[in-house]
Amino acid sequence: VESALEKLRKLDARKAEVLELHFYGGMKQEEIATVLGVSPRTVFQDLKMGKAWLAVELKGGGAA
């Protein structure tokens, strides 16, 4: 998971940070939005896209 998050960080640092705060920090969308200074909707979208990207990457479907 860590290596996949590092790959995501190179592509989209905010999405990687949102996922880390959510999974490792146990933060809710509203809390993440406050910490990052973005809207809760942005966090929702980042979580949705980040989780989808991570699922593909962990299944080995990501580009090398």
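I took a polar contact to be a pair of N or O atoms within 3.5 Å, where within protein one must be able to donate a hydrogen and the other to accept it, and where residues adjacent in sequence count only if both atoms are side-chain atoms. By that rule I found the side chains of threonine 42 and serine 39 joined at 3.0 Å.

I noted that this is a predicted model, in which local features need pLDDT of at least 70 and side-chain atom pairs count only at pLDDT 80 or more, while totals for chains, interfaces and linings use all residues. Residues are numbered from 1 along each chain as its sequence is written, and side-chain values use heavy atoms, with hydrogens and water left out.

Next I looked up salt bridges (a side-chain nitrogen of Lys or Arg within 4 Å of a carboxyl oxygen of Asp or Glu), and the structure holds six. Glutamate 57 pairs in this way with lysine 7, with the closest N and O atoms 2.6 Å apart.

I then turned to aspartate 46, which forms salt bridges with arginine 14 at 2.5 Å and with lysine 15 at 3.4 Å.
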